[in-house]
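Please look over the sequence and the 3D structure below.

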Amino acid sequence: MVDSPNRLVERMVGHRVTVRLKDGRQMAGKLRGLDEHMNLVLDEVDETTPERSRHLGTVVLRGSNLVSLHDPQGSAGPSA
Amino acid sequence: MVDSPNRLVERMVGHRVTVRLKDGRQMAGKLRGLDEHMNLVLDEVDETTPERSRHLGTVVLRGSNLVSLHDPQGSAGPSA
Amino acid sequence: MVDSPNRLVERMVGHRVTVRLKDGRQMAGKLRGLDEHMNLVLDEVDETTPERSRHLGTVVLRGSNLVSLHDPQGSAGPSA
Amino acid sequence: MVDSPNRLVERMVGHRVTVRLKDGRQMAGKLRGLDEHMNLVLDEVDETTPERSRHLGTVVLRGSNLVSLHDPQGSAGPSA
Amino acid sequence: MVDSPNRLVERMVGHRVTVRLKDGRQMAGKLRGLDEHMNLVLDEVDETTPERSRHLGTVVLRGSNLVSLHDPQGSAGPSA
Amino acid sequence: MVDSPNRLVERMVGHRVTVRLKDGRQMAGKLRGLDEHMNLVLDEVDETTPERSRHLGTVVLRGSNLVSLHDPQGSAGPSA
Amino acid sequence: MVDSPNRLVERMVGHRVTVRLKDGRQMAGKLRGLDEHMNLVLDEVDETTPERSRHLGTVVLRGSNLVSLHDPQGSAGPSA
């Protein structure tokens, strides 16, 4: 079964995901929206850098700065 | 509910937002306009770098240098 | 025999592959899906950086951050 | 009121603006022209780097190296 | 005689080539396939970094990370 | 008067210009040609790096590495 | 006389040229071919880095890594 990356990310909407950015920061938040460039909207975001952690609320992320995105609960598994 | 990043940013027009750039600087200002490349216009901008803070007035930002944008007041929540 | 890179990666779906990213991290996981930009979906991912190793579950990777991908078992050899 | 970044920059033609480049340099000059890639023409340019300051005359800047542009006098405010 | 880069690389299929990547690594392997973005498939790859050398098997390389490619045996010379 | 960057550079053909590249080098030479990507041809080029200076003759420069271009004599002023 | 960069490089085919890459390396070789992305084929290449020099034979170079190209003999002057 082949699963397209964009379709998988769409199935993650509503889930809490962890995103890593090119500048080394990591953000965890509830995925609220995305577009075809993988620009993302995350709610209730907690940002972590090597130095500190802070709460940011709603964040828009540019897809071009995204390295990876994962779903720590694994709740975006293949539909059975 | 899926919410497109561009639509969310459009709803933030008139709000004070915080923008992070690829070179590490951060700018806070009132969002006045944007385009489909996420080039932004901000008014009454305060710029913060690790070294200092200064007032810049109206600023045009290239979308290609944007990492993230957030709305500290959370005023861009989903329309109820 | 000329073998297109995308076709080869498609033949790797279901196999465990190792991916190297531009920021130096390496991820090993079962390839679940891909698209024409070589964005990838990997399951049961183990991430390795020079400093540490950790388990991440399902991960979506941006093709623009990919450097190389290989199949340690060589199971994606040319169809005989 | 939504104000497009390109339209705002067009309204700045004839004004003295300050431009920041990706390599950290800053240039102040009178905006003479621009195109849709935000390539700019500036006249009577003064360039400032962390090390020194110098006068350059007329300069063409590649939009791809632009980080931000601002109008210190705020003279490009919204038309009343 | 003008020889297009892609045509030359196609003539190298089946030969052992040496590829240099943007991150400084070098890979030597038998060229098995390529596409119009110069994404490559190499078999029996030996990877060399300034620190170490290791065997990787079959590797898919993103053309966007390629700096140069050469054929140490010169076997891809112009057809006589 | 709005003056397009490309048109201004075309008017500089035949003049001695100074070009700054992303890697910090600077080249001064007589502008002989250009294309729509701002790839440039310069004749009688003198290259300056922080370390040294040398004469290069005719040089083709990739527009994607250009940061800025200026005309020290100001001879490319607006046509009166 | 305006001379397009691509046309000039085409006229250099058969000449020995010196190419500088984004990673600081320099290659000198006989230009054998090119395409519209300025991907190049060079024969009898000598590579020079700040540390050492070595002979590479035939090399394919990605245009996206090219900074500049010049013809030390000046043999690609304008046709009289």
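## Strands that pair

In which sense do strand β3 (residues 40–48) of chain B and strand β4 (residues 53–61) of chain B pair? They pair in the antiparallel sense, over seven bridges. Keep in mind that this is a predicted model. The two strands, β3(B) and β4(B), form a hairpin with four residues between them. T48(B) stands opposite S53(B) in β4(B).

β4(B) also pairs with a strand of another chain: strand β5 (residues 66–71) of chain D. That pairing is antiparallel too, over four bridges. Here V60(B) has L69(D) in β5(D) as its bridge partner.

## The make-up of chain A

Chain A has one helix and five strands. From the N terminus on, the elements run α-β-β-β-β-β. Chain A has 80 residues, and 56% of them count as buried.

## A covered strand in chain F

Strand β1 (residues 16–21) of chain F is mostly covered. Five of its six residues are buried. β1(F) pairs with strand β2 (residues 26–34) of chain F in the antiparallel sense, over five bridges. β1(F) also pairs with strand β5 (residues 66–71) of chain F, again antiparallel, over four bridges.

V19(F) takes part in both pairings. Its bridge partner in β2(F) is M27(F). In β5(F), the bridge partner of V19(F) is L69(F). The hairpin of β1(F) and β2(F) has four residues between the strands. In this hairpin, G24(F) takes a positive phi near 95°.

Most residues other than glycine have a negative phi. Two residues are worth a look here. Phi of E44(E) is near 50°, a positive value. E44(E) lies in strand β3 (residues 40–48) of chain E. With a relative accessible area of 45%, E44(E) is partly exposed.

Phi of M38(F) is near 60°, also positive in a residue other than glycine. M38(F) is found in the loop between β2 and β3 (40–48) of chain F. Is M38(F) buried or partly exposed? M38(F) has a relative accessible area of 1%, so it is buried.

## Salt bridges

How many salt bridges does the structure hold over all chains? The total is 42. One of them joins the side chains of D43(C) and R32(C), at 2.8 Å from N to O. D43(C) lies in strand β3 (residues 40–48) of chain C and R32(C) in strand β2 (residues 26–34) of chain C, so the pair ties together parts 11 residues apart in sequence. Both partners are covered: D43(C) is buried at 14% relative accessibility, and R32(C) is buried at 4%.

R20(G) and E47(F) also meet in a salt bridge, at 3.1 Å from N to O. R20(G) is in strand β1 (residues 16–21) of chain G and E47(F) in strand β3 of chain F, so this pair joins two chains. R20(G) counts as buried at 14% relative accessibility, and E47(F) is buried at 1% relative accessible area. Elsewhere, R20(A), D23(C), R25(C), E47(C) and R54(C) are linked in a network of salt bridges.

## A positive patch

Which residues form a positive surface patch? They are K22(A), K22(B), K22(C), K22(D), K22(E), K22(F) and K22(G). Take K22(E), one of these. K22(E) is found in the loop between β1 (16–21) and β2 (26–34) of chain E. At 44% relative accessibility, K22(E) counts as partly exposed. Patch residues need over 30% relative accessible area.

Notes: Residues numbered from 1 in each chain as written. Chains lettered and ligands numbered in written order. Predicted model: local features only at pLDDT ≥ 70, side-chain atom pairs only at ≥ 80, totals over all residues. Heavy atoms only, no water. Patch = residues over 30% accessible without salt bridge, like charges linked within 9 Å, V, L, I, M, F, W, Y side chains within 5 Å. Areas by Shrake-Rupley, 256 points an atom, 1.4 Å probe, with all protein chains shown as cover. Salt bridge = Lys/Arg side-chain N within 4 Å of Asp/Glu carboxyl O. Lys, Arg positive; Asp, Glu negative; His and termini not counted. Charge placed at Lys NZ, Arg CZ, Asp CG, Glu CD. Buried < 20%, exposed > 50% of the residue type's maximum accessible area, 1.4 Å probe, protein only. Pairing = 2+ DSSP bridges.
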